[in-house]
Structure formats: structure tokens, C-alpha cells
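Student: I have a fold open on my screen and I'd like to learn how to read it. Can you walk me through it?

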Amino acid sequence: MAGLFITMEGPDGSGKSTQIALLKQYLEKKGYETVLSREPGGTAISEKIRDVILDRENAEMGYRTEALLYAAARAQLVEEVILPALDAGKAVICDRFVDSSAVYQGIGRSLGIEEVYRINEYAIRGIMPDVTFLLDLDAAEGLRRKRNQAELDRMESESQAFHEAVAEGYRMLARKYPDRIKRIDGSASIAEIHEQIIRELP
Ligand code: ADP
Ligand code: TYD
């Protein structure tokens, strides 16, 4: 596998989509054919699963069901998009990946990080990012940014405490995997964050 697999992580509203668009331009200038994807979603099937997960009417969804649905959406994305693109030598930039499940389901929902990675091993078949950028932003600030954009979905409507646990969970993950996960101050300017991401590319 000769491609480059990059994931962007961080709380809701931390600037992931913004940075992914800039990184794509940069990589294409460098000659990489670049594929963008988002989670949950990125394939027709995964987008349908996304609708089920994020529908605010699904208030009774169990946490294990939620974790398995994220993993199922991810399995389809790996099989249909990520693996073929990496095999073809392309760069893949994914808006969220398995670390989101580790933090939101493992910590936010208290299912346990190890348990969540374990159920995801089956879905991702050993495919892990070459580098992961964590846009570290205060949870409340991220949601403030989001609220300006659209109505909040089922996950975004979770409590302030949930989102703070998520933001802290990400910092913990970055300390645990310092070689792979690069923490970046998400409150810096868009241009500053972009520069730092480029400096940290493998
Ligand atoms: P995410 O994909 O992580 O949810 P977005 O990239 O959609 O985040 O950004 C959420 C909102 O915050 C958008 O309105 C975007 O323009 C704005 N934004 C992104 N990066 C920054 C930044 N560094 N400083 C201030 N606002 C930002
Ligand atoms: P999305 O709306 O695409 O992210 P953002 O709001 O940052 O643009 O993500 C959907 C929600 O799903 C988001 O609140 C994070 C959550 N999520 C999980 O709980 N577990 C996961 O494995 C993934 C990929 C996302």
C-alpha cells in the first residue's frame, strides 16, 4: 500500500472540514491524487447509516447499537473507498475515523476505549491512519461555531459534560499515541493551523 492516509479529529465545530479543504489543495499541488471522505458517511450505505445515527427522533438508541452502527458505516467506507484509494497510491483525507468512536463512544458513552477499538478492528481490517491531526478546541466554543451553521443533530445535542469529556478524551488519546496523533491548537487562525498541519505531514 503506497498511499497516504490522513485523518482529522476534534470536537464538533473544531474546524476539521475547513482544514481538510485546505490540505486537499496543498496535496494536489504536490501531485497527490486526493480522495476526501467523512464519517459517518462517505458511501451511499454509510450515509444511510449516518441518517439513522444522527436522527434526533432515535432518542432510545442504545450505546452499543450506536457504537456498532458507527463501526458498520466505517467498514463499508474502508472497503468501498479507503482501501481501493490507498492501493491506487492516492492520498485519503478522512473527516473523523476510529478515534472518534474511541472518544465519543469509549469515553463519552463510557463503553471503554479498548472495547471500542476492539469492535472496530473487525471493521477496519488493520487500516490505521499514517497521521491524525487533532484540532483541540474547547467543546463549548466548537458548539458555538456549529450553532451558527445549522440545527444541532442527535450527538451535538448531548450535554455540555458529554462534549467536555470528548474534548478531554481526545487530549488523552493524543498523549497515548504521540507518534501518530498530532495535537494542534484549534483556537489559532485558519491559516496558522494549516501551516502547522503541513509542517507535521509525514
Ligand atoms: P468541523 O468540520 O470540525 O465541524 P468546520 O470546519 O465546519 O468544523 O468549522 C465550523 C465553523 O467554524 C465554520 O463556520 C468555520 O468557518 C469556522 N472555523 C473553522 N476554523 C476556524 C478557526 N480556526 N477560527 C475561527 N473559526 C473557524
Ligand atoms: P459530523 O456531524 O460529521 O461531525 P462535525 O459535527 O464535527 O462536522 O459527525 C457526526 C457526529 O458523530 C459528531 O457529533 C461526532 C459523532 N461521532 C461519533 O460519536 N462516533 C464516531 O465514530 C464518529 C465517526 C462520529
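Tutor: Let's start with strand pairing: strand β5 (residues 181-185) runs parallel to β4, and 5 bridges join the two. Two strands pair if DSSP finds at least two bridges between them. Within this pair, T132 stands opposite I181 in β5. Keep in mind that this is a predicted model, where local features need pLDDT of at least 70, side-chain atom pairs count only at pLDDT 80 or more, and totals for chains, interfaces and linings use all residues. Residues are numbered from 1 along each chain as its sequence is written, chains are lettered from A and ligands numbered from 1 in the order in which they are written, and side-chain values use heavy atoms, with hydrogens and water left out.

Student: Which strand pairs with β4 over 4 bridges?

Tutor: That's strand β1 (residues 4-9), also in the parallel sense. Here T7 is the residue opposite T132 in β4.

Student: How do I read the two faces of a strand?

Tutor: In a regular strand the side chains alternate between the two faces of the sheet. In β4, V131, F133 and L135 sit on one side, T132, L134 and D136 on the other, and all are buried. Buried means under 20% relative accessible area, exposed over 50%, and partly exposed in between (1.4 Å probe, protein chains only). Since 6 of the 6 residues of strand β4 (residues 131-136) are buried, the strand is largely enclosed by the rest of the structure.

Student: Is E66 buried or exposed?

Tutor: Buried, because its relative accessibility is 0%. You'll find E66 in helix α3 (residues 63-87).

Student: What does E66 contact, apart from neighbours within four places in sequence?

Tutor: Contact means heavy atoms within 4.5 Å. E66 touches M61, Q105, R109, R154 and M155.

Student: Now zoom out. How many helices and strands are there?

Tutor: Helices (H or I, at least four residues) and strands (E, at least two) are DSSP runs, numbered from the N terminus. The protein has 8 helices and 5 strands, in the order β-α-β-α-α-β-α-α-β-α-α-β-α. Its radius of gyration is 16 Å, close to the 17 Å from the globule rule for 202 residues, so it is as compact as a globular protein of that length. That radius is taken over C-alpha atoms, and the rule is 2.2 Å times the number of residues to the power 0.38.

Student: And what share of the residues is buried?

Tutor: Buried residues are 51% of the 202 in the protein.
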